[in-house]
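Hi,

Here is the structure I promised to pass on. Have a look at it first, and my notes on what turned up follow below.

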Amino acid sequence: MDPTTDNAAPTGDPAAARAALEALRAEIAKAVVGQDPAVTGLVVALLCRGHVLLEGVPGVAKTLLIRSLAAALELDTKRVQFTPDLMPSDVTGSLVYDARTAEFSFQPGPVFTNLLLADEINRTPPKTQSSLLEAMEERQVTVDGTPRALPDPFLVAATQNPVEYEGTYPLPEAQLDRFLLKLTIPLPSRQDEIDVLTRHAQGFDPRDLRAAGVRPVATAADLEAARRAVAATTVFPEITAYVVDVCRATRESPSLTLGVSPRGATALLATARAWAWLTGRDYVIPDDVKALALPTLRHRIQLRPEAEMEGVTADSVINAVLSHVPVPR
């Protein structure tokens, strides 16, 4: 099989970068119990320069997870609570008049950070939601006609509450498609919840991560070296065809009104590539595609109302597609 790879040669030490990113899981576990899949998903998103939609009920440590990841990567992080009265300028920043100089100066908003936690993004009107679109896609914001670049790395982790929809503004399909992954944050198991309470009983303070022992174990330089190594990961033509077949099969599903777009297929290939590299391989196999199919595709499809009434879910449709599409040998 002839590989198709990027021409850019990796720089730095890929093995050291992989070891540093693998250490993130253990470091974050000092503060967050039992959320390894979410940690892995966030690392994959960083490697792919993508963004993440986190869905889970209140109180499952979504904010703590982002703060712990930022601390372990030595990155800046900010949190915005999205409310019905939040304005776009509250996110992107605005021009402020300085009476001393009689001039306007730009006051950066919280979007100028490495990890932005957009808390309850579906509680703010579409005008404010859309203020993130340019930032997520172009990695810049434009105020008064002047584009301003955002830091690198830059990741938006937006949260949604899956059980309370009153007074919310559901994200349109176009904006959902801008998120690389949709990660579900489940309630902890009984033992994990016991561990959480035990830590709190022993004095754990979620506002003081340094006291909890969370230390930087990777840097932005490690992340950049890892990104270049991921870009050099081999993708055989059979794997490319398999990704296309999986995505095209969703468009033919009788349970869906909207299947996965070509952008979704590109995203699945990118996340599978990152996962392959993280697991220690320099080539992609079908299992990598299967491993990332649910978080990469579940928010890019739309169920028919009658299918929803029958209990069909996005995950069950994707699993059915994966079980029927022939796997390359």
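Asp177 is buried, as its relative accessible area is 13%; here buried means under 20%, exposed over 50% and partly exposed in between, with a 1.4 Å probe and protein chains only. Its partner is Arg300: the two form a salt bridge whose closest N and O atoms are 2.7 Å apart (a salt bridge being a side-chain nitrogen of Lys or Arg within 4 Å of a carboxyl oxygen of Asp or Glu). Arg300 also counts as buried, at 4% relative accessibility.

Before you go further: this is a predicted model, with local features needing pLDDT of at least 70 and side-chain atom pairs counted only at pLDDT 80 or more, while totals for chains, interfaces and linings use all residues. Residues are numbered from 1 along each chain as its sequence is written, and side-chain values use heavy atoms, with hydrogens and water left out.

On the salt bridges, there are 15 in the structure. As a reminder, side chains of opposite charge can pair when their charged atoms come close.

- Glu55 and Lys182 form a salt bridge, with 3.4 Å between the closest N and O atoms. Glu55 sits in strand β1 (residues 52–55) and Lys182 in strand β9 (residues 181–184), so this pair ties together parts that are 127 residues apart in sequence. (Helices, H or I with at least four residues, and strands, E with at least two, are DSSP runs numbered from the N terminus.) Glu55 counts as buried at 16% relative accessibility, and Lys182 counts as buried at 16% too.
- Asp119 and Arg79 meet through their side chains in a salt bridge at 2.8 Å, N to O. This pair links distant parts of the chain, 40 residues apart: Asp119 is in strand β5 (residues 115–119) and Arg79 in strand β2 (residues 77–81). Asp119 is buried at 9% relative accessibility, whereas Arg79 is partly exposed at 45%.
- Arg49, Asp152, Glu224, Arg227 and Arg228 are linked in a salt-bridge network.

Asp152 turns up again in the backbone: a cis peptide bond joins Asp152 to Pro153, with omega about 5 degrees. Pro153 belongs to the loop between β7 (146–149) and β8 (155–160).

Glu74 is exposed, with a relative accessible area of 55%. Arg139 is not a glycine either and has a positive phi of about 55 degrees; Arg139 is found in the loop between α6 (131–138) and β6 (140–143).

As for helix packing, the axes of helix α2 (residues 36–47) and helix α11 (residues 262–278) come within 9 Å and cross at roughly 115 degrees. That makes α2 roughly perpendicular to α11 (angles of 65 to 115 degrees count as roughly perpendicular, under 35 as roughly parallel, over 145 as roughly antiparallel and the rest as oblique). The axes are lines fitted to C-alpha atoms, for helices over the stretch in contact, and angles run from 0 to 180 degrees between N-to-C directions.

Finally, Leu95 is located in strand β3 (residues 93–98) and counts as partly exposed at 32% relative accessibility.

Cheers
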